[in-house]
Amino acid sequence: MSHATISPLQYITTRPEEAEVTCRAGADWIQLRLKNRSYADWKAIALETLAVCRQYRAKLILNDNPLLAADIGADGVHLGQEDMPIPEARALLGDKFIIGGTANTLETILAHQRDGVNYVGLGPFRFTTTKAELSPILGLEGYRRILTALLHQQISLPIIAIGGITLADVPALLETGVYGVAVSSAITGAADPVAQTRLFLSQLTTSTSFF
Ligand code: TZP
Ligand code: MG
């Protein structure tokens, strides 16, 4: 899969209605992130979100749940350290699905690369209440250190920054070499989520500093 199929803005949500708002504003990459739901509940919400994404030709990835992604024909999954191991998910899903892996360190990014992920969600950038049990905060300095090491090793994998990211953070994050950002509360909690999505997209697509 080429980088071109990975967008620079991933919007993370728990609700199809919110996915619709951001897709209407031009976002084309949604992560549905649900916790503590039955398979049936997950599936119902995922199917609704998938219908929204198909309407707007946006990609839908599911957090944690490769079996459900295969079941409903989503575009991919995002997997953390406690989820199905990436080689197992790849064997289940094949090459057409996007698989993203969470990382907090260079070592984990390298392991993900060996396992054939399509992108890495690197974070957290700063404290956020959206996710429980956060890994150590990276800050800009953490991104600089890790992205520089990747560059030296000539590793080119889309790195998506995540965790407490606001619109104002985007230029400095892009300067570290990240490919894009994954955001939830900065859009969900905005007074005007459509306008906010457009601002994120314009910051991200006018930049030339993609990794
Ligand atoms: N993984 C690391 S931080 C985070 C996830 C899912 C939450 C991102 O949401 P927000 O609201 O943009 O901090
Ligand atoms: Mg997970």
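This is a predicted model: local features need pLDDT of at least 70, side-chain atom pairs count only at pLDDT 80 or more; totals for chains, interfaces and linings use all residues.
In the UniProt record, an unreviewed entry, the feature "binding site" is placed at Q31, L32, R33, L34, K35, N63, T102 and K131. Among these positions, N63 belongs to strand 3, which spans residues 59-63, and it is classed as buried because 21 other C-beta atoms lie within 10 Å, the threshold for burial being 20 or more. When residues up to four places away in sequence are set aside, N63 touches Q31, L32, R33 and L34, together with H78; Q31, L32, R33 and L34 are themselves listed in the annotated site. K131, another annotated position, is located in the loop that connects strand 6 (119-122) with helix 6 (139-152), and it is partly exposed, since 19 other C-beta atoms are found within 10 Å.

The largest nonpolar core comprises 58 residues, of which I30, L122, I160, A161, V178, V181 and V183 touch the most other members. Helix 2 (residues 39-56) makes the greatest contribution to this core, with five residues.

Q113 is situated in helix 5, which covers residues 106-115, and is partly exposed, as 17 other C-beta atoms lie within 10 Å. Beyond residues up to four places away in sequence, Q113 touches I155 and L157, whereas A46, 67 residues apart from Q113 in sequence, is 27 Å apart from it in space, C-alpha to C-alpha.

Conventions: Residues are numbered from 1 along each chain as its sequence is written. Chains are lettered from A and ligands numbered from 1 in the order in which they are written. UniProt positions are given in the numbering used here, feature names are shortened, and annotations may be inferred rather than shown by experiment. Helices (H or I, at least four residues) and strands (E, at least two) are DSSP runs, numbered from the N terminus. A residue is buried if 20 or more other C-beta atoms lie within 10 Å of its own, exposed if 12 or fewer, and partly exposed in between; C-beta atoms are placed from the backbone. Two residues are in contact if their C-beta atoms, placed from the backbone, lie within 7 Å. A nonpolar core is a set of buried Ala, Val, Leu, Ile, Met, Phe, Trp, Tyr and Cys residues joined through C-beta atoms within 7 Å.
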